[in-house]
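Me: I have a model open and want to learn how to read it. Please take me through it feature by feature.

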Amino acid sequence: MHILYGWIAILAGFFQLWITQRQYQQFRQSPPPNNRIFLWLGFGFALVIGLIFVIAGLGILLGLVH
């Protein structure tokens, strides 16, 4: 069952990274807003969450996390 959980975590992480990349492309094409720092913090937070899911999924698949 842990293999299933590992793959779900990896897929969720890659999906999060993909969504963040698409939102970043839309952000780059739009005019800069006044609250740009909050957008950068949001993109950074989304990237960190996506990477945590990918790393956790790999840890589950490799048996490092129970």
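Reply: Start with the radius of gyration, which is taken over C-alpha atoms; the globule rule is 2.2 Å times the number of residues to the power 0.38. A compact globule of 66 residues would come near 11 Å, but this protein chain has 15 Å. Its C-alpha trace spans about 45 × 15 × 10 Å along the principal axes.

Me: What should I know about the source before going on?

Reply: This is a predicted model: local features need pLDDT of at least 70, side-chain atom pairs count only at pLDDT 80 or more, and totals for chains, interfaces and linings use all residues. Residues are numbered from 1 along each chain as its sequence is written, and side-chain values use heavy atoms, with hydrogens and water left out.

Me: How many helices and strands does the protein chain have?

Reply: Helices (H or I, at least four residues) and strands (E, at least two) are DSSP runs, numbered from the N terminus. Here there are two helices and zero strands. Helix 1 covers residues 2-29. Helix 2 covers residues 36-62.

Me: How do I read contacts by separation?

Reply: Contact means heavy atoms within 4.5 Å. Take the contacts in the protein chain with a separation of 6 or more: residues 24 or more positions apart account for 72% of them. F53, in helix 2, is a case to look at. Leaving out residues up to four places away in sequence, F53 touches A9, I10, A12 and G13. The C-alpha atoms of G42 and I60 are 27 Å apart, at 18 residues along the chain.

Me: Is F53 buried or partly exposed?

Reply: Buried means under 20% relative accessible area, exposed over 50%, and partly exposed in between (1.4 Å probe, protein chains only). F53 has 38%, so F53 counts as partly exposed. G42 is partly exposed too, with a relative accessible area of 38%.

Me: How many aromatic pairs does a search of the whole structure find?

Reply: Rings of Phe, Tyr and Trp (its six-membered ring) pair if their centres lie within 6.5 Å; planes under 30 degrees apart count as stacked, over 60 as edge-to-face and the rest as tilted. The search finds seven pairs. In one of them, Y24 and F27 have ring centres 6.4 Å apart and planes at 45°, so the pair is tilted. These two residues are three apart in helix 1, about one helical turn. Y24 is partly exposed at 29% relative accessibility, whereas F27 is buried at 11%.

Me: Which aromatic pair do F27 and W40 form?

Reply: An edge-to-face one: 5.5 Å centre to centre, with 90° between the planes. F27 lies in helix 1 and W40 in helix 2, so the pair ties together parts that are 13 residues apart in sequence. W40 is partly exposed at 38%. Y24, F27, W40 and F43 form one aromatic cluster.

Me: Which residues make the nonpolar surface patch?

Reply: Patches are made of residues with over 30% relative accessible area and no salt bridge: like charges are joined within 9 Å, nonpolar side chains (Val, Leu, Ile, Met, Phe, Trp, Tyr) within 5 Å. A salt bridge is a side-chain nitrogen of Lys or Arg within 4 Å of a carboxyl oxygen of Asp or Glu. Accessible areas come from the Shrake-Rupley method with a 1.4 Å probe; for residues, only the protein chains shown count as cover. M1, L4, Y5 and I8 make this patch, about 450 Å². M1 sits in the segment before helix 1 and is exposed at 66%.
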